[in-house]
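Walk through this structure with a few residues as guides.

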Amino acid sequence: MSRLMQGGLALVVLVLVGTACFGQPVRFSGSLSLTGEQFSASESAPAAAYRPTWNGRLFARSVVSIGRWLEIPLELQLSTQERRFQGAPGVTLPGLQPFNQVGISPRIGPWLRLHLGSFTRPLTSLTLGGIRVRGAGMELTPGPLRLVVLYGRTRSPREADLDAGLSGSYARNFWAVQVGIQQGATEVLLTVSHQKDDTTRGESLRWLLTPDGPVRMAVAPQENTVASLQTGLRLGRYVRWRSEVAVGAFSRDLRSDQLEIGISIPSWLFTPRHSSNIDGAAEAELTVEPASSFSLALGGRWIGPGYTTLGQPQLESDVLDLTVAPRLQLRRMGLVVSMRGGLRYNNLRQSRLATTARTIVAVNLSWQPGTRFGLDAAFSNYGFQLRPRADTLRLQNISRSLSLTPRLMLQQNGHLHTLSLTYSFQDSEDRTFAHPDGVHNRTHTLTLAHSYQMPSRLRLSTTLSFSDTRMPRWRTRIWAFSEAAQYPLRSGLQLQASAGLSRLTTVDTATQLMLRWGLRYQLPSPYRGTLSLDQQLRRTERAAGGFSELLTVLRYVYTW
């Protein structure tokens with residue numbers, strides 16, 4: 001709570017200072033959401049342990065503006081849950097960030113923005129992505145010049161707890177600097193990002209479960225420094241070029257001995273160790289757009305096997321990607337066609353026992369010749385080949401998917417009907433040494449959807465779907481039907497109700513019934529906001545027994 005009070009006090013000070021300096025009126029805008037949930041389930045429900053009985057959440061986003069010179073965005077997230085999910089009573093699932101976060105990103109003048117508290121500031125695709133930072137930052141953008149300085153933590157310390165199933169982790173300190181020019185399609189940006197685990201606050205531990213019991217193992221603290229140069233320019237009137245080249249140094253274990261390399265490197269930048277490695281990455285894209293109706297993008301990405309950036313934890317290394325993506329738009333015919341083809345290879349330095357080759361071709365089509373009829377279609381072909389040195393381990397997989405959706409809209413005397421029928425087909429074929437002719441897995445899905453808007457403003461939505469999946473050893477079929485209704489009872493009050501029934505047949509059979517109703521009320525002046533109450537009942541029947549779940553949600557949303 002002290003942090004909230006400090007943030008509120010800082011906000012008040014900024015408003016007072018801005019008003020005194022600029023003499024401009026203060027404007028407030030934003031949104032507020034308050035949610036209360038109550039959940040109950042029968043004892044046989046498997047999900048009963050993963051959701052709290054009571055939960056409250058608060059989300060707030062606001063912007064304080066003082067004239068044209070000061071803008072202060074504020075984000076606030078609070079919850080009665082300490083973390084996003086919980087396990088059995090007294091158990092918290094590992095690897096989850098806390099809900100409670102406060103962040104302020106004020107803009108002062110036309111070219112200065114500050115970040116305080118919790119914020120996200122992506123830099124480039126090879127250095128820093130959308131990870132959450134707790135700290136401070138500054139952005140200077142006078143004209144084409146760019147300067148970004150970020151400092152804080154990307155991870156909090158956590159001690160291991162075997163009973164709770166938690167892995168320990170160190171606090172991870174972070175800083176990043178980006179400098180350069182950026183104006184339109186022209187840009188030259190140099191980015192340096194550094195992350196290092198803080199080992200001064202004690203040893204965090206994790207537990208490794210073995211057949212002989214749990215074994216305590218020390219978590220390896222890590223360090224990572226990444227530098228990249230991003231460039232972009234326009235080549236003539238119709239061609240744009242963008243590229244990025246990066247180099248990353250990574251230490252897997254800061255407890256290993258330092259490595260003497262004959263070059264003096266500041267310790268705040270990086271410390272070479274016997275567990276360190278250095279590698280590079282690069283990507284480029286060439287876009288040709290001779291007319292608004294046609295464009296062609298050619299792209300490539302190379303990421304070395306040892307390239308690691310903790311700012312992009314999902315970035316896959318040891319890959320070479322080549323892509324081509326044309327797009328055609330014929331406005332008179334109402335036709336838009338976009339295609340994408342690509343190749344991916346790994347084992348770039350022959351450091352693996354096998355090389356993987358992947359190919360993908362995707363085509364998307366949207367045709368809207370008039371207001372009544374439309375058609376959407378999509379096709380993709382994904383190929384995967386594993387070429388090991390041992391021929392008996394070779395693997396080839398080809399996955400194909402096709403979907404077709406015609407749409408029809410009819411309107412007469414205030415009655416509006418919208419009808420769509422979607423058919424999709426998926427086929428996966430695996431070929432191995434033992435099955436040279438291939439093993440097929442096929443899925444057919446058919447979905448019929450209809451919505452009806454009456455002059456009385458009653459809206460009905462009906463959906464019927466069927467899915468059939470056939471595999472070599474079993475078959476799975478799913479039937480689903482749902483009906484939803486919306487009706488305004490009076491001024492500002494709306495009723496919503498829905499019912500759904502589904503049946504899954506495979507080795508066993510499961511039937512699920514879901515009933516849901518809700519009320520929405522728009523508060524009249526001088527009160528503002530929307531008050532809603534939703535209740536959902538779900539009943540599941542299986543051969544082993546059935547269970548029920550009931551969820552009640554009360555929510556208030558206010559926008560100013």
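Ser 33 lies in strand β1, which covers residues 26-41. Strands here are DSSP runs of E, at least two residues long, numbered from the N terminus. The model is predicted: local features need pLDDT of at least 70, side-chain atom pairs count only at pLDDT 80 or more, and totals for chains, interfaces and linings use all residues. Residues are numbered from 1 along each chain as its sequence is written, and side-chain values use heavy atoms, with hydrogens and water left out.

Is Ser 33 buried or exposed? Its relative accessible area is 16%, so Ser 33 is buried. Buried means under 20% relative accessible area, exposed means over 50%, and partly exposed lies in between (1.4 Å probe, protein chains only). Beyond its neighbours within four places in sequence, Ser 33 is in contact with Arg 57, Leu 58 and Phe 59, and also with Arg 555, Tyr 556 and Val 557. Contact means heavy atoms within 4.5 Å.

Tyr 556 also belongs to an aromatic cluster. Ring pairs link Tyr 556 with Tyr 558 and Trp 560. Rings of Phe, Tyr and Trp (its six-membered ring) pair if their centres lie within 6.5 Å; planes under 30 degrees apart count as stacked, over 60 as edge-to-face, and the rest as tilted.

How many aromatic pairs does the structure hold? There are 5. One of them joins Trp 367 and Phe 373: the ring centres are 6.1 Å apart and the planes stand at 85°, so this pair is edge-to-face. Trp 367 is partly exposed at 33% relative accessible area. Phe 373 is partly exposed too, at 32%. The rings of Tyr 558 and Trp 560 have centres 5.3 Å apart and planes at 35°, so that pair is tilted. Tyr 558 is partly exposed at 23% relative accessibility, and Trp 560 is partly exposed at 31%.

Now turn to Leu 298, in strand β16 (residues 294-303). Leu 298 is partly exposed, with a relative accessible area of 39%. Setting aside neighbours within four places in sequence, Leu 298 is in contact with Ala 284, Glu 285, Leu 286, Thr 323 and Val 324. Leu 298 and Val 324 are 26 residues apart in sequence, yet 4.7 Å apart in space, C-alpha to C-alpha.

Last comes confidence. pLDDT is the predictor's confidence in each residue, from 0 to 100. The chain averages 85, and 83% of the residues score at least 70. Over residues 83-99, pLDDT stays under 50. The model has 43 contacts beyond four places in sequence for residues 83-99. Where pLDDT is low, the predicted coordinates should not be read in detail.

Note on methods
Helices (H or I, at least four residues) and strands (E, at least two) are DSSP runs, numbered from the N terminus.
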